[in-house]
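Trainee: I'd like to learn how to read a structure like this one. Could we go through a few features together?

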Amino acid sequence: MIPVRGTFITFEGPDGSGKTTQVRVLAQWLRERGVQPVLLRQPGGTPLGERIRSILLDSRSDLELGPVAPMAELALMFADRAQSIQQVVLPALERGEIVLCDRYTDSSEAYQGAGRSLGSERVLALHQALCGDLQPDLTILLLPDVEQALERARRRNERFRRQHGGKDENRFEVEGDAFFRRVHAAYAAIAAREPQRVVTISGNGSIETIAHSIREIVQARIAAFVPA
Ligand SMILES: Nc1ncnc2c1ncn2[C@@H]1O[C@H](COP(=O)(O)OP(=O)(O)O)[C@@H](O)[C@H]1O
Ligand SMILES: [Mg+2]
């Protein structure tokens, strides 16, 4: 892997945990301090990735295409990731920029590895093979109560569906409680395994309380970029 100079920060957590909200708030705070972060989401963030996203997140996909096999789902997640690493993440890091990425490989470990029961080892092997094992410098893990996150995600997804003429991003939301408990447990296990990279925030506080905690963590980690 090419040596990198920028800072790679990923946001993780279940659906409705507040990742997208917090990426936006942090990005705005950085801009006010003269730092222009590169924003990215997975799946998505590149033209190829946005196509993959619409397949993987739309609940109609399994009806239109036939049930998407869990292995195919995993492979598509990594196809998206490999593309965004080449097209967006590495170029930005080589320019010395801060990349804020909404989901990354921990999501695959939690959703496909644990949720779909494909196993962490398989996911981590793909990460090594297809992503050059590129690790974030910092991962913010938002972990609100499972029910609270699901409720927020349902309301948000309903709004999305109304605004996008029937297209939705609900495909994972229809999974049962056991699926989301496995996702939640996998995230907690990743945080316990890699405490130097992953900082967990309970995620039950207000948007502003959580944003404040995130700013403190980021400031401590990337003082070189962000003047106090
Ligand atoms: N701390 C919070 N307290 C209450 N509602 C929140 C909080 N963070 C986010 N939300 C709301 O919950 C919904 C899901 O948040 P979002 O950022 O889209 O989550 P994610 O990207 O993790 O799925 C949004 O409608 C958002 O406004
Ligand atoms: Mg989101």
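Trainee: Where is the place of Asp133, in terms of the helices and strands?

Mentor: Keep in mind that this is a predicted model. Asp133 sits in the loop between α6 and β4 (138-142).

Trainee: What is the phi of Asp133?

Mentor: Phi is positive there, about 60°, although Asp133 is not a glycine.

Trainee: Let's do the backbone at Gln42 and Pro43. What kind of peptide bond joins them?

Mentor: Check omega: it is about -5° there, and the bond joining Gln42 and Pro43 is cis. Pro43 belongs to the loop between β2 (38-41) and α2.

Trainee: On to α2, then. Which of its residues are buried?

Mentor: Helix α2 covers residues 47-57, and its buried residues are Gly49, Ile52, Arg53, Leu56 and Leu57.

Trainee: Why do the buried residues of α2 line one face of the helix?

Mentor: General idea first: an α-helix has 3.6 residues a turn, so residues three or four places apart point the same way. Now look down the axis of α2: the buried residues fall within an arc of 110°, so they line one face. Part of what covers these buried residues is α4 (70-94).

Trainee: Now the ligand. How many residues surround ligand 1, and which are the closest?

Mentor: There are 15 around ligand 1, the closest being Gly18, Lys19, Thr20, Thr21 and Arg152. Then ask which elements they come from: α1 (19-32), α7 (146-163) and α9 (207-221) each give two or more residues to the shell. Sorted by class, the shell around ligand 1 has three nonpolar, eight polar and four charged residues.

Trainee: Where does Arg152 sit, and how exposed is Arg152?

Mentor: Arg152 is in helix α7. Its count is 18 C-beta neighbours inside 10 Å, so Arg152 is partly exposed.

Definitions and conventions. Residues are numbered from 1 along each chain as its sequence is written. Chains are lettered from A and ligands numbered from 1 in the order in which they are written. This is a predicted model: local features need pLDDT of at least 70, side-chain atom pairs count only at pLDDT 80 or more; totals for chains, interfaces and linings use all residues. A residue is buried if 20 or more other C-beta atoms lie within 10 Å of its own, exposed if 12 or fewer, and partly exposed in between; C-beta atoms are placed from the backbone. Helices (H or I, at least four residues) and strands (E, at least two) are DSSP runs, numbered from the N terminus. The arc is that of the directions from the helix axis to the C-beta atoms. Two residues are in contact if their C-beta atoms, placed from the backbone, lie within 7 Å. A residue is near a molecule or strand if its C-beta atom, placed from the backbone, lies within 6 Å of it. Ala, Val, Leu, Ile, Met, Phe, Trp, Tyr, Cys and Pro count as nonpolar, Asp, Glu, Lys and Arg as charged, and the others, Gly among them, as polar.
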